[in-house]
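These are my notebook entries on a two-chain model. I set down what I looked up, entry by entry.

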Amino acid sequence: MAKFTKKKDGDLPAVSTASLPDIVFMLLFFFMTVTTMKDSSLMVENTLPNATEVKKLEKKDRVIYIFVGTPTREYQKVFGTEPKIQLNDKFANVDEVGSYILAERAKKPQELQNVLTTALKVDKNANMGLITDIKQELRKVNALKVNYTTYEGDAFNNLQ
Amino acid sequence: MPRRKGAPEVNAGSMADIAFLLLIFFLVTTTIETDAGLDRMLPPIEPPDTDVVIRQKNIFTVNINKNGQLLVEDGLMDLKDLREAAMAFLENNADGSCTFCKGKKDPSSSDNPTKAIISLKNDRETKYSTYITVQNELVGAYNDLRNREAQRLYGQDFTTMESDYLNPETPSSVKDELKDKVKRIQDMFPQKLSEAETSTN
């Protein structure tokens, strides 16, 4: 019994905190790698449709994005509820798509200018009329490679 | 027997090693989310110099109306049957020049896969989600046929071969080998999916 009482005399030794910075840095690096940077905030509803036969968009520097959808609630008072096109950070009309593509293409390095893909991120409730107009504009500026960006999933879920 | 006071201090020197081990583990296993979607080529705006005569039987017309109903070759069709119908059309092989096709050789349908064209038309009011579903089914028809041939020739799916080929992480020695295989399968069933201008009515 005497042995146990003797042990209780001393205080608990302090836990070493020397490794705390390591743990913090580890977490930091982890979150740094998994988060993707958004270069423009979405101003339109953007629920993409599902598809199964998808191909991955590799090499982000070769992609130009076009967003289409109904404006989100905060913009609906000004821009209405009809689907609109969003280029970078502002709403645009169909006839601005061509010049936007040309401007974006000019920003890219010379060797990439011929291999650019236009990613169409279109809300599933949009009508094809607007998309057809965009496609026509893309053909005018010879940006023929397009990617209809979708989620991976059963395509028949789109119909409900 | 003399005893030390309190518990001995744990050596924390190896903590950093463990932390780095975990860090490297997460670095390797997490993939940054990439976008995926259906790749399509738009037709160039200048019309071709020479008029190409295409016989009606080599064209598989798919029309989507504003309610999302399908008109396929002058008949109403359910979306679920589209893939089968497109595949039957593509490998119909009426002139018998395609040795690997398993089609019915129906003389009123396409001659061979290199001549077969799928024409997709839509209304301005068609919903985008319906359009994507139809596109998905048509691309799926091509992929199913290509997968079948790739399985027969190389024992693996065409879609995995193609994604390996396009993946920048694949070593170039593997890529060179895949290039010819992918090209060969693509030539067997060339993807001729025309998107005509929208009907305005």
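**Conventions.** I worked from a predicted model, in which local features need pLDDT of at least 70 and side-chain atom pairs count only at pLDDT 80 or more, while totals for chains, interfaces and linings use all residues. Residues are numbered from 1 along each chain as its sequence is written, and chains are lettered from A and ligands numbered from 1 in the order in which they are written.

**Chain B, overall.** I looked up the secondary structure of chain B and found five helices and six strands. Helices (H or I, at least four residues) and strands (E, at least two) are DSSP runs, numbered from the N terminus. Read from the N terminus, the order of elements in chain B is α-β-β-β-β-α-β-α-α-α-β. I then looked up burial: 26% of the 201 residues of chain B count as buried. A residue is buried if 20 or more other C-beta atoms lie within 10 Å of its own, exposed if 12 or fewer, and partly exposed in between, with C-beta atoms placed from the backbone. For contacts, I used C-beta atoms, placed from the backbone, that lie within 7 Å. Among contacts in chain B between residues at least 6 apart in sequence, 56% join residues at least 24 apart.

**Helix α3(B).** I checked the span of α3(B), residues 128–154. Its 27 residues reach 37 Å from the first C-alpha to the last, close to the 39 Å expected; the expected span is 1.5 Å times one less than the number of residues. After α3(B) comes G155(B), with a positive phi near 70 degrees.

**Interface.** How many residues does each chain give to the contact? I recorded 50 residues from chain A and 50 residues from chain B. On the side of chain A that touches chain B, α5(A) gives the most, with eight residues. That side divides into 23 nonpolar, 14 polar and 13 charged residues. Here Ala, Val, Leu, Ile, Met, Phe, Trp, Tyr, Cys and Pro count as nonpolar, Asp, Glu, Lys and Arg as charged, and the others, Gly among them, as polar. I also followed β7(A), which six bridges join to β1(B) (residues 36–41) in an antiparallel arrangement; two strands pair if DSSP finds at least two bridges between them. In this pairing K145(A) stands opposite M41(B).

**Cores.** A nonpolar core is a set of buried Ala, Val, Leu, Ile, Met, Phe, Trp, Tyr and Cys residues joined through C-beta atoms within 7 Å. The largest has 47 residues, of which I66(A), V68(A), A86(B) and L90(B) touch the most other members. Its largest share, nine residues, comes from α3(B). Apart from this core lies another, of five residues, including A150(B) and F158(B). Leaving aside neighbours within four places in sequence, I66(A) has contacts that include I85(A), L87(A), V97(A) and I134(A).

**Domains of chain A.** I noted domain 1 (2–34) and domain 2 (50–152), with bounds from an automatic or database domain assignment. Their centres, taken over C-alpha atoms, are separated by 51 Å.

**Positive phi.** N88(A), in the loop between β4 and β5 of chain A, has a positive phi near 50 degrees although not a glycine. N88(A) is partly exposed, with 13 other C-beta atoms within 10 Å. N142(A), in the loop between α5 and β7 of chain A, has a positive phi near 60 degrees. N142(A) is likewise partly exposed, with 16 other C-beta atoms within 10 Å.

Notes. Two residues are in contact if their C-beta atoms, placed from the backbone, lie within 7 Å.
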